[in-house]
Structure formats: structure tokens, C-alpha cells
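Hello,

Here is the structure you wanted to look at. Please open it alongside these notes.

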Amino acid sequence: MVAVLLLAQAPKPPKSLTFVGKPKNIVFGHAEHVKAAGGKCDTCHPKLFPQKFDQSAIKFKGGMMHKTAVEAKASCGFCHHPNSEVKGAFDIKGNCTQCHNEKKS
């Protein structure tokens, strides 16, 4: 019963988050990622990301940081790496506009 009350009081997660990036900002489709995780928040939180919006926590900087995160399977690279076993996940290499697309909703 306590868990139900805590869930009822929890803030509703955002549908999307916008991170400042280059050449374009990154619009992270939180709702679609929650759906892909089967509604399980603990798939990503807190092991990959804190449960609050924190631009610095993404740790997925341009250039080598993309490669570093993918090789370590950290941050976004946890799912988005070559030969991903995660249904619907894509390799970041060559797919820049998948994330760097401010028009995404």
C-alpha cells in the first residue's frame, strides 16, 4: 500500500528532454524510451542517469566521448552501440540526426 501511495505522489516523467548540443540540440524522447523499457524506470535509473534532469550527467560529449561511451556501454552507449541486442536501438555512428534533431517531439 505504501508503494502505491509513493507512486501516486511521484511527479509525472517528462515526454521529452532537450540537451544542449552541437551542431544541434538533442531532443531525448523519454516517453519512447520508457515504453521500450516496458515502463521499468530502473532499466536506466539510477545506474545510467540520475532521476532528475541534469545536463552534465549525460556524459556523452562530442567526438571521442561518443566513442568512449559506446565502448564502455555507458550513458546512451548502453543501448546505442554496434550490434545492439536492444530492439529498436541504433548505433550512433552515422546516425547523428537520430539524436541531433530539434524537430523531434
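The backbone oxygen of F49 sits 3.1 Å from a polar atom of the H45 side chain. The backbone oxygen of P50 is also 3.1 Å from a polar atom of that side chain. Polar contacts here are pairs of N or O atoms within 3.5 Å; within protein, one must be able to donate a hydrogen and the other to accept it, and residues adjacent in sequence count only if both atoms are side-chain atoms.

A word on the source. This is a predicted model: local features need pLDDT of at least 70, side-chain atom pairs count only at pLDDT 80 or more, and totals for chains, interfaces and linings use all residues. Residues are numbered from 1 along each chain as its sequence is written, and side-chain values use heavy atoms, with hydrogens and water left out.

Back to H45. It lies in the loop between α2 (30-36) and α3 (64-72). Helices (H or I, at least four residues) and strands (E, at least two) are DSSP runs, numbered from the N terminus. H45 is buried, at 18% relative accessible area. Buried means under 20%, exposed over 50%, partly exposed in between (1.4 Å probe, protein chains only). Beyond neighbours within four places in sequence, H45 contacts H30, P50 and Q51 (heavy atoms within 4.5 Å).

Now the backbone. The H45 to P46 peptide bond is cis, with omega near -5°. The K22 to P23 bond is cis too, with omega near 0°. P23 is in the loop between β1 (17-19) and β2 (26-28).

K73 has a positive phi of about 50° yet is not a glycine. K73 is partly exposed, at 42%.

Best wishes
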